[in-house]
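Please look over the sequence and the structure first.

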Amino acid sequence: MGLLGKFFSNAGKPAGFMGRIMIFGMNIFHARVAHWGMSRMNIDAPSEIAELGCGGGKNIRDLLMKYPDSHVTGLDYSPLSLKKAREYNADMITAGRCEIVAGDVSDLPFDDERFDLATAFETIYFWPGLVKCFAEVRRVLKTGGHFVIVSESDGKDKPSQWFNSIIDAMNLYTPGEIESALKSAGFVNIHTEHHEAHSWIVIISEK
Ligand SMILES: C[S@@+](CC[C@H](N)C(=O)[O-])C[C@H]1O[C@@H](n2cnc3c(N)ncnc32)[C@H](O)[C@@H]1O
C-alpha cells in the first residue's frame, strides 16, 4: 500500500501520527454531510442513543443538541477516536449526558433492547460484514427503535471509488445493497433519501 493508502486507511481505524491528523479532519470534513443527515432524521425524542463508529465525537455533541433530553453512548474501536471523542464531549460526560465506550460494532458491548436510536455516520464502509453488524445493531435497539445510516457515498461517486481503490479495508455500498442487508438483518420500514446535488445518502430503518 502506498503512503496515500496508509494515510487514508486511518479513516477506518485511526492510529498513530497519521490517525491524529485524520481524526482532526473528520470532525471538520464530515460536518456538512452529518448536518444534512441529521436534518432528515424526523424521529421523536429518543432518550437512549447509540452513536456507532463515533470517530472524533462531533456527531455525539450534535445529537445531544438536537435531542436535549437524550443520553448518547458513543462507541468506537480506535483508542485514538475514543480519546478525541471524550475530549470533544468532556463537558457532556461530566454533565452525565454522554458516555464513550470501546467496542466493535460486530459484537456490541450492550444489553438487548437498550436504545431508541442508533446512528452510523460515515462508518459502515469499514464494518466487517453488513448483515452481521446490522443484526447486532438491531439486537440492541428497542422494538420500534430506529437505525440511521448517513454516508457521503452512494457507492457510485468517483471520489469514493478512488478512496476505495487505495484503502484495503474499505467497501462501498449502493443504497440497494444497504437496504438488502438491513432487510436480511430483520429491519423494516426502510426509507432511503438521496441528496439532490451530492452523492450523500441517509437510510432510516426500524426494528
Ligand atoms: C471515517 S470515520 C467516521 C467517524 C465519525 N462517525 C464521523 O462521521 O466523523 C469511521 C470511524 O468508524 C470507526 N469504526 C470502523 N469500523 C468499526 C468497528 N467495526 N467497530 C467500531 N468502530 C469502527 C473507526 O475507528 C472510525 O473512528
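**Loops, helix faces and a helix crossing**

Glu113 sits in the loop that joins β3 (98-102) to β4. Helices (H or I, at least four residues) and strands (E, at least two) are DSSP runs, numbered from the N terminus. The model is predicted: local features need pLDDT of at least 70, side-chain atom pairs count only at pLDDT 80 or more, and totals for chains, interfaces and linings use all residues. Residue numbers start from 1 along each chain as its sequence is written.

**Positive phi**

- Most residues other than glycine have a negative phi.
- Glu113 is not a glycine, yet its phi is positive, about 55°.
- Glu113 is exposed because 12 other C-beta atoms lie within 10 Å.
- The cut-offs are 20 or more other C-beta atoms within 10 Å for buried, 12 or fewer for exposed, and partly exposed in between, with C-beta atoms placed from the backbone.
- Ala45, in the loop between α3 and β1 (48-52), has a positive phi near 20°.
- Ala45 counts as exposed, with 11 C-beta neighbours inside 10 Å.

**Buried faces**

- Helix α3 (residues 31-39) buries Val33, Ala34 and Gly37.
- These residues fall within an arc of 100° seen down the axis of α3, so they line one face of the helix.
- The arc is taken over the directions from the helix axis to the C-beta atoms.
- Exposed Arg32 and Ser39 are on the face of α3 turned away from its buried side.
- Packing against the buried residues of α3 are α4 (58-66), β4 (115-121), β5 and β7.
- Helix α9 (residues 175-184) has Ile178, Ala181 and Leu182 buried.
- They are on the same side of α9 because they cover an arc of only 100° around the axis.
- The cover over the buried residues of α9 includes α7 (130-140), β5 (141-151), β6 (188-194) and β7 (201-206).

**Packing of α2 and α5**

- Helix α2 (residues 16-29) packs on helix α5 (residues 79-88) at about 45°, their axes 10 Å apart.
- That makes α2 oblique to α5 (under 35 degrees is roughly parallel, over 145 roughly antiparallel, 65 to 115 roughly perpendicular, the rest oblique).
- Gly19, Arg20, Ile23 and Asn27 of α2 meet Leu80, Ser81, Lys84 and Tyr88 of α5; contact requires C-beta atoms, placed from the backbone, within 7 Å.

Note on methods
Axes are lines fitted to C-alpha atoms, for helices over the stretch in contact, and angles run from 0 to 180 degrees between N-to-C directions. Two residues are in contact if their C-beta atoms, placed from the backbone, lie within 7 Å.
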